[in-house]
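Please look through the sequence and the model first.

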Amino acid sequence: MKYPSTPTLFQHRDLRPPDLGSADSLLLTYAWMQLARITDNRILDLFRQGLIQGTVTGGQGNEGLIVPLTLLADKAVDVISFSHRGLGGHLIWSGHLGDHLAQYFASSGSPTKAREGNIHHGDPANRSLPMISHLGTMLSNVLGSTDSQRRLGRPAVGFAFFGDGASSTGDIHESLNLAALLSLPVVFVIENNQYAYSTPVSEQYASPNLFERAKGYGLEGFALDCSDPARVLTVLGAAIERTRRTSRPLLIEAHTFRLRGHAAYDTCDYMQPGEADAILARDPLPKFRARLAADGHAARLDAIDAAVHGFVEATIRSALVLPPPDPAGMEAEVFAPPAPPLPWLPVPAAPAALTMAQALNLGLRKILTERPEAVVLGQDIGTYGGAFKVTEGLLAEFGRPRVFNTPLCESACTGYALGLAVNGHRAIEEFQFADFATDALTQIGLNAATYHFRAGQKCPVVFRLPCGGGLTFGSFHSQELESAFLSFPGLKALYPSNPQDAFNALLAAYEDDNPVLLFEHKALYRLGRQPVKWDPDYRAVWSPAQLRTGGDATIVAYGEMVLLAGEACAYLEAEYEKTFDLFDLRALAPLRLDAIKASLARTGRLVVIHEGRRTHGFGAELVARLTEEHFAALKAAPLRIASLDIPVPFAPGLEAVYRPDKVKIVDAIVTWLG
Ligand SMILES: Cc1ncc(C[n+]2csc(CCOP(=O)(O)OP(=O)(O)O)c2C)c(N)n1
Ligand SMILES: [Mg+2]
C-alpha cells in the first residue's frame, strides 16, 4: 500500500434523507469538512515551501457547500464536475487522499500522470469529469454525461459548479438554456464567493441575484446560504431528490466564502482594509464545530480532529516520496489506442449511384441502425434534414432523442457531445458550416483533444464540418480551417473527396476512440454520383490513395482540390506530355506519408495543392514532413498551390481570384517545371 490506510470514518461517503439531522450525519459532515480544510491548508503550506508547483486555489470556505452536496450525491450513478474550489468533493467522490495529494505534488502517483496541474483531475471512469482551466466549459459536459446516464436507464443527477466570475461566460448561458430545453436533471451550483480573482461581484454583473436568471431559462432557482452546513444538508437533500424525480434542471446560487484569497500568491491588497479579516471571521467551520460541541459531542470532535491530522500528515509523508512522473508515453498517449473495428454488417452490398451528400446520409443511416450508442445532433438537422440535406429522413426513421435539432450554441452542444462520449455514447455533431466550429474551439481543441492525454479517457466524437469555398458564401461560410484546428494536438481528421470515401470515412471516424474532424467540402456534396457500397476495407481512408501514376512530379491534394488536380494532370499529360503521381491525402491527421515519400524519392519533385490559405496553410506542414529526410535528393524546390492570404471574398469574380482552379494549377506547374 502506497499510502496509510484510510480511517474507518472516511470510508463513509454517503448521506441520504431523511437521516440528515442525526448526530452521526452532522459529525460525518464535520469530519469531511475538516479533512478538506486541513488538506487545503497543508497544500498551501507545501506550496509556500516550494514542494508544489504552479499555484493552488484553495477551497477554504467552500466546504459548507461542497461537502454536504457530495455526501448527498449518488456516487454510483450521478455525474459531477468540481470547480477549482472543490477539493472536499474530490476527496469524497473517490480515491485515496494520497492520490489527490500526488496530483498536487505532480508525481508519478498523480491521477493525471502529472500532465495537468493542481486540481485539474477527476475520475472520469466514475463520472467525475476533470475540469479544464477555461471556466464554464464543463457544464455542458455534465449535461451530456447525465443525459447519457438517463438514456442508459440510470436515474442520474448531474452536478455542475461554477463561480460568480464564471457566471458571465457564454458557456454558462448556453448550458443553462440547453439543460432546460432538453429537460436534463442537472443541478447547477454557483459558488458565489463575491469575487472573481480581484474583481468583486459589483463589477461583474448588474442584477442583484444570480439565481433569478433561472426564471429566464425556464427552470427553478434559489439562493442558499452556506454558513450552516446542517441546513445546507436538509435543503440540498430535498432539492436533489426533487431533481432526480422530476428530471428538471435547477440553479442554486450558493453563498460561500473565499477565506484565503484567490490563490496561493494572492495578497488580497485589492480588498478594503479589514475586509479579509471580516471574511475569515465568518468561517462556518469553527461555528459548526462549536455548535456540535455544545450539543455534547466534544469528545468525538476531538477524536475526529486527531484522526484528520494524523491521516493527513502520514499521507503527505508517503505521497511526497513518490518518484517524479515518467515522460515516457507522453506522445503515444495523446491519442486513445487504436480499437478493433466495430462489427459492421456487410450492407449495403449492392452499389447504388449516390452523391456525396447521399453517401453520407447512407453512412449515418447505417450507423444509427447498427449502433445503439449513436446520437446525431446539429442545427436544423431534424425535419429540415440539415442545411445541405445530409441528414434528410433520419429524424423520421430514428426519432428523438437519437436525432435532434440543437439551438444555436455550438460550444455547449459540443460540450454536451463530449459528455455523451466520455460516458459511452457516440455523437456525430453536424456544424451547419465549418466556420461556426470556431465557436466551439475550446471544447474541440482544448477539451476533447486533450482528454486522453490528461485523464486517460477516450472521447470519441465525430465533428462533421461542411467547409470550403467556390459557392459565393463569403468570408464566414467558406473557410478551410484544418490548419487552425490541427494545431491542437489530439484531434484526428479525415477529408474525403468522393462519395465512397465519404461513406467509408464516416464509419472510420465513428468507430475511432478519439475526436475526429470530418471535413466535407460543400462543392462536392452534389457533384455527380458514384457507386457506393459496404467496403470491408473502409479503414483504408486513414491512408492516402494514389489516383494517377507518372514520373514528372508527385502531387498531393485533398478535398475538392483532388478533382481540380486530376483535371490539371489530364491536361498536362495531353498538352505537355508530363505525367504525375497524384495522391488524394484523405487523412490529415494522423499523417501516413510513406507511399507519398516513396513516390517523391522516385520523382524528386513535390507539388502540394490545397484550398486553405497559403500562410500557415496545411501545405507547409506537408512539404516539411515530406522533404526533411531527403531534401538533398530533390530536383526542385517544392511547389505550394493554395489560396491567397486574405479573408474569403464574396463576389464570384473575387472568390475565383482567391482560390486555386484548374487553370491556375496548370499555369503554376508549367512555370515551375520550366
Ligand atoms: C474563461 C476563463 N477566463 C479567465 C480565466 C482565469 N481565471 C481563473 S480563476 C478566475 C476567477 C474565477 O472567479 P469565479 O468564477 O468567481 O471563481 P472563484 O475563483 O471565485 O471560485 C479567473 C479570471 C479562466 N480560468 N477561464
Ligand atoms: Mg468567485
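The model is predicted, so local features need pLDDT of at least 70 and side-chain atom pairs count only at pLDDT 80 or more, while totals for chains, interfaces and linings use all residues. Residues are numbered from 1 along each chain as its sequence is written, chains are lettered from A and ligands numbered from 1 in the order in which they are written, and side-chain values use heavy atoms, with hydrogens and water left out.

**Whole chain**

- The protein chain holds 22 helices and 21 strands; these are DSSP runs numbered from the N terminus, helices being H or I with at least four residues and strands E with at least two.
- For 674 residues, a compact globule would have a radius of gyration near 26 Å, and the 28 Å of the protein chain agrees with this. The radius is taken over C-alpha atoms, and the globule rule is 2.2 Å times the number of residues to the power 0.38.
- The C-alpha trace spans about 100 × 55 × 50 Å along its principal axes.
- Of the 674 residues, 58% count as buried, meaning under 20% relative accessible area, with exposed set at over 50% and partly exposed in between (1.4 Å probe, protein chains only).
- Among contacts with a separation of 6 or more, 80% join residues 24 or more positions apart; a contact means heavy atoms within 4.5 Å.

**The parallel sheet**

- An open sheet of 5 strands has the order β1-β2-β3-β7-β6, with parallel pairing; two strands pair if DSSP finds at least two bridges between them.
- The edges are β1 (79-81) and β6 (220-225), and because each has a single partner strand, one side of each lacks a neighbour in the sheet.
- From one strand to the next the twist averages 20°. Axes are lines fitted to C-alpha atoms, for helices over the stretch in contact, and angles run from 0 to 180 degrees between N-to-C directions.
- Strands β2 (residues 158-163) and β3 (residues 186-192) run parallel and are joined by 6 bridges. Alanine 160 has phenylalanine 188 in β3 as its bridge partner.
- Across β2, β3, β6 and β7 (250-255) lies helix α8 (residues 229-246), at about 165° to β6.

**The mixed sheet**

- Another open sheet has 7 strands in the order β10-β9-β11-β12-β14-β13-β19, and its pairing is mixed.
- Here β10 (403-405) and β19 (587-589) are at the edges; each has a single partner strand, so one side of each has no neighbour in the sheet.
- Neighbouring strands are turned by 20° against each other on average, direction ignored.
- β13 (residues 492-494) and β14 (residues 516-521) run parallel, with 3 bridges between them. Alanine 493 stands opposite leucine 517 in β14.

**Two buried residues**

- Aspartate 283 sits in the loop between α9 (275-281) and α10 (284-320) and is buried at a relative accessible area of 8%.
- A polar atom of the aspartate 283 side chain is 3.0 Å from the backbone nitrogen of leucine 285.
- Leaving out residues up to four places away in sequence, aspartate 283 touches Arg37 and Leu259.
- Serine 148 belongs to helix α5 (residues 137-151) and is buried, with a relative accessible area of 0%.
- With residues up to four places away in sequence left out, serine 148 touches Leu420, Asn423 and His425.

Definitions and conventions:
A polar contact is a pair of N or O atoms within 3.5 Å; within protein, one must be able to donate a hydrogen and the other to accept it, and residues adjacent in sequence count only if both atoms are side-chain atoms.
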